[in-house]
Structures are given as C-alpha cells and as structure tokens.
Amino acid sequence: MKLRIKNFILVTILAFVTIGGTTSCGSKKKLAKKEYEAKVAQAKADLNAIIEGTTEWTLEEQKARVEEIEKSDLQNQEIDALIVKAKEVLARELAEAERAAEEERLRKIEEENRAKAESKTSISDYFAIIAAAPDAETANEKINEALNLFASPDVPVLIIVYQMGDIIDFDAPTTAEKYLNYIKDQKSVTVRVNNVKYDDNDKITELELIKK
C-alpha cells in the first residue's frame, strides 16, 4: 500500500514538472515571437521614414540605422525591399550633400579671391589719399599704412607707358616706397592698377601700373 502511495506521489510530481516545463517553454517562444514582431515593426517604420524623408536623423545616422537593420537579418522580404529603397534614397541625398559642400567650398574660394581683388582698389585708394593729403605728415602716415600691403618696401613697381597688342613699353622700374613718395610729391595720380602679384600671405610682391 505504501509503495502505491509513493509511486502515485512520484508520478504526480513528474506531471507537474512536465507541465511546468512545457508552460515555461511556450512562454519563452511567445516572448521571442513578440520581440521579433516588435523589431520587424520598428525596422519597417524606420526604413519608411528614411525613404519618405520624415525622419529628423542626420544622413550619417540614417545610414547607420539602415546598416544596423541589414545586419540584424530579420528574414523578412518586405524589410529587404525597404532596405534597397532606403539605400537608394541615401545615396542620392549623400551625393547632393557632397555637391552642396563642394559649392560652398568654391564659394569661399571665390570670396577669398574677391577680397584679394578688392585690395587693388585699396591700393588705388591709397594713391588718391596720399595725393590729396593736406600735409607731408599725413601723407607719410598714409604711405606707411599702404606699405603694409606689400611684402616689403622694395617690392618692384612696373609702369606701362605704352601698350599696343603684344608690344609693351615700361617706364624705369621703381619700388613701392619710392613710388608712394613720388605720388606724395606730385600730389596727383596718373596711373591705374593693371596687375598685382601676391605671396602666400596675401602680401603684394609685384605691382604693375598703367598710364591713364
């Protein structure tokens, strides 16, 4: 009798263990399925947002998210198709961003070149200011300011007195300092800036003038 009771208890325990194990395994499967479905849903939402351009992520963040979804290998045909579309969209947008960056780079170069070109006007302005100076002290002050535009006071100044096609006649060469003092003495400007050469520090290394 006691043996039968023991056997019954043992069978009952085994039954509970088996049922409990089956229930636990089923719960894990349901949880895994829910997690997978959530990942799929989120992946679809993110990919569609990237394709439609409704996400606030940067291009680099979008690219990283597509790569993350692709690496997760969700084994979903719809997601695979969305990944292809998202990559195409990002490729176009990245190309556009690169084009815009190149345009900005060229714009900055153009601004720098324009600033250099405007320095010609500054030289011309200094010519006029020195010529119109009310006294020698003021003229000398402006000459010193103008010399700051040159690599040195001895920068050559070439003056074209005649030009016809390829035939060019120059006056005797002089220097920046000497010519600025010449303008101070003459109190007039009879030339205009024809060409300017600069060094890497944007200082004038050669100034070419032409008779008006």
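Q: Which residues are linked with Arg65 and Glu68 in a network of salt bridges?
A: This is a predicted model, so let's read it as one. In it, Glu68 forms a salt bridge with Arg65, and their closest N and O atoms are 3.2 Å apart. The network of salt bridges takes in Arg65, Glu68 and one further residue, Asp46.

Q: Is Arg65 buried or exposed?
A: Buried means under 20% relative accessible area. Arg65 has a value of 16%, so Arg65 is buried.

Q: How far apart are the closest N and O atoms of Arg99 and Glu103?
A: These two are four residues apart in helix α3, so about one helical turn separates them. Arg99 is partly exposed at 38%, and so is Glu103 at 46%. They form a salt bridge, with the closest N and O atoms at 2.3 Å.

Q: What kind of ring pair do Phe127 and Tyr179 make?
A: The count of aromatic pairs comes to two. For Phe127 and Tyr179, the ring centres are 5.8 Å apart and the planes meet at 65°. Planes over 60 degrees apart count as edge-to-face, so this pair is edge-to-face.

Q: Which helices does the pair of Phe127 and Tyr179 tie together?
A: Both residues are buried. They come from parts that are 52 residues apart in sequence. Phe127 lies in residues 77–131 and Tyr179 in residues 176–186, so the helices are α3 and α5.

Q: Which residue joins Phe127 and Tyr179 in a cluster?
A: Ring pairs do the linking here. Besides Phe127 and Tyr179, the cluster holds Tyr182.

Q: Within what arc do the buried residues of α5 fall?
A: Ala176, Tyr179, Leu180, Ile183 and Lys184 are the buried ones in α5. Seen down the axis, they line one face of the helix, because they fall within an arc of 150°. On the other side, Lys178 and Asp185 are exposed.

Q: Which residues does Leu82 touch, leaving aside neighbours within four places in sequence?
A: Leu82 is found in helix α3, and it is buried, with a relative accessible area of 9%. Its contacts beyond those neighbours are Lys44, Leu47, Asn48 and Ile51.

Q: How far apart in space are Val40 and Glu78, C-alpha to C-alpha?
A: Val40 sits in helix α1, residues 2–52, and is buried at 8%. Beyond residues up to four places away, Val40 touches Leu74, Asn76 and Ile79. Val40 and Glu78 are 38 residues apart in sequence, but in space the separation is 9.6 Å.

Q: Which strand gives the most residues to the nonpolar patch?
A: Val161, Tyr162, Met164 and Ile167 form this surface patch, with about 390 Å² of accessible area together. Val161, one of them, is partly exposed at 40%. With three residues in the patch, the top contributor is strand β1.

Technical notes. Residues numbered from 1 in each chain as written. Predicted model: local features only at pLDDT ≥ 70, side-chain atom pairs only at ≥ 80, totals over all residues. Heavy atoms only, no water. Buried < 20%, exposed > 50% of the residue type's maximum accessible area, 1.4 Å probe, protein only. Contact = heavy atoms within 4.5 Å. Phe/Tyr/Trp six-rings, centres within 6.5 Å; stacked < 30°, edge-to-face > 60°. Arc of directions from axis to C-beta. Patch = residues over 30% accessible without salt bridge, like charges linked within 9 Å, V, L, I, M, F, W, Y side chains within 5 Å. Areas by Shrake-Rupley, 256 points an atom, 1.4 Å probe, with all protein chains shown as cover. Salt bridge = Lys/Arg side-chain N within 4 Å of Asp/Glu carboxyl O.
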